[in-house]
Amino acid sequence: MDESHAVGGTHDPRGQRRAVVLGGTGFVGRRLVRALSERDWEVVVPSRHAARHRDMALWPSVVLVDMNPPGRSDLATHRDTPELAELLERTDLLVNLVGILNERGHDGEGFKRVHIKLTKAALRAAVDAGVPRYLHMSALGADEENGASHYQSSKGKAENWAHRFGRKHEIAVTSFRPSVIFGPGDSFLNRFAGLARLMPGVFPLACASARFSPVYVGDVVSRFVASIDDPATFGERYDLCGPHDYSLGELVSVAASTSGHPRWVVGLPMWLSRLQARVMEWLPGKPFSRDNLASLQRPNTCDPDCRREPTRLEDVAPTYLAPDARKRR
Ligand SMILES: NC(=O)c1ccc[n+]([C@@H]2O[C@H](COP(=O)([O-])OP(=O)(O)OC[C@H]3O[C@@H](n4cnc5c(N)ncnc54)[C@H](OP(=O)(O)O)[C@@H]3O)[C@@H](O)[C@H]2O)c1
């Protein structure tokens, strides 16, 4: 490996290290980009929706890059779309957080494109550019062979491929496999809190007994940051879980009551859950799908001997779900 590309080193004579964060505009991404910027990294964030994330361009040493093809930009001013290879020049760290919970179609191709093809393209470009370090966001339950859903199998395949590729091309790969992630701006507790507001007293719920170990976004970001220069994490995969396990019904109940709309959560039988998924996957934004339903059939919890992240959901959820917290925003 070229010495100038060594992990922990930098391509920049002034000593500032450069990271490219794919998916850096998302819920986890914004937190990670902020953390890297605070640690004096130059952070490049490509986005298909740069105009929606203009505020990030004002963060210290963050470069927001509009990835729309010329003429399709949602920014007023625009230059030619840079290639990934160009973005990765002089880069010390590539992070891939890109992921979707639902695809536009129904045959798994959308998941393959976003999870597998994008990972392959990013890592191939990283090798060409001599990037020495790669952090990969996978998901708890990701399983190439036995995934219960297109989401889980495509995530598993991307994760396995990244590790094989890293070994072959001397890129230090670390992947993270979180259970559901909570924190300000999450789409999990916030969504259930929003739905609870619309429900008249009773909250009918598919797969109410599905199990999760929700993990705090701040803890997830800390693990990413701590791993960057830690050789013990190279080549490793980490399940990330919070301190406690909950059923989906319990989580919905917490989201509803914390947001000031306590509801009686009633689990739907499987036949009705299937029907709900079939109907909802045709609604705009696909709020629920048969693929989501399939993922929910496996517990999304860590093994008993797995290290647990410290932050409790009960301590953080009120800071962004409680009615007074929502008013402050
Ligand atoms: N949130 C959770 O509970 C959770 C749990 C387990 C694993 N994960 C994984 O963690 C990662 C981040 O999750 P998140 O909640 O932060 O997701 P998010 O808020 O939905 O953000 C997704 C990001 O991916 C980018 N993206 C989406 N589709 C893309 C595509 N086709 N091409 C290029 N970029 C695309 C988006 O960027 P632009 O729109 O700006 O281009 C956005 O920045 C994902 O891989 C997810 O699977 C999340």
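Me: Axes are lines fitted to C-alpha atoms, for helices over the stretch in contact, and angles run from 0 to 180 degrees between N-to-C directions. In this predicted model, at what angle do helix H5 and helix H7 pack?

Reply: Helix H5 spans residues 189-198 and helix H7 spans residues 248-258. Their axes lie 8 Å apart. The crossing of H5 and H7 is right-handed, and the packing angle is about 65°.

Me: Which class of residue makes up the contact of H5 with H7?

Reply: H5 contributes Leu-189, Phe-192, Ala-193 and Ala-196, while H7 contributes Val-252, Ala-255 and Ala-256. The contact has no polar and no charged residues. Its seven residues are nonpolar.

Me: Which strands stand at the edges of the open sheet of seven strands, and why is one side of each left without a neighbour?

Reply: The strand order is E3-E2-E1-E4-E5-E6-E11, with parallel pairing. Each edge strand has a single partner strand, so one side of each is left without a neighbour in the sheet. The edge strands are E3 (62-66) and E11 (237-240).

Me: Which residue of E11 stands opposite Pro-178?

Reply: Strand E6 covers residues 172-178 and pairs with E11 in the parallel sense over four bridges. Helix H4 (residues 150-169) lies across E5, E6 and E11, running at about 165° to E6. Opposite Pro-178, E11 places Leu-240.

Me: Which element gives the largest share of the shell around the ligand?

Reply: Of the 21 residues around the ligand, Gly-23, Gly-26, Ser-47, Arg-48 and Gly-99 come nearest. Two elements give two or more residues to this shell, helix H1 (27-38) and helix H3 (109-129). By class, the shell has 13 nonpolar, seven polar and one charged residues. The largest share, three residues, comes from H1.

How values were computed: Residues are numbered from 1 along each chain as its sequence is written. This is a predicted model: local features need pLDDT of at least 70, side-chain atom pairs count only at pLDDT 80 or more; totals for chains, interfaces and linings use all residues. A residue is near a molecule or strand if its C-beta atom, placed from the backbone, lies within 6 Å of it. Ala, Val, Leu, Ile, Met, Phe, Trp, Tyr, Cys and Pro count as nonpolar, Asp, Glu, Lys and Arg as charged, and the others, Gly among them, as polar. Two strands pair if DSSP finds at least two bridges between them. Two residues are in contact if their C-beta atoms, placed from the backbone, lie within 7 Å. A crossing is left-handed if the near helix is turned anticlockwise from the far one by less than a right angle, and right-handed if clockwise.
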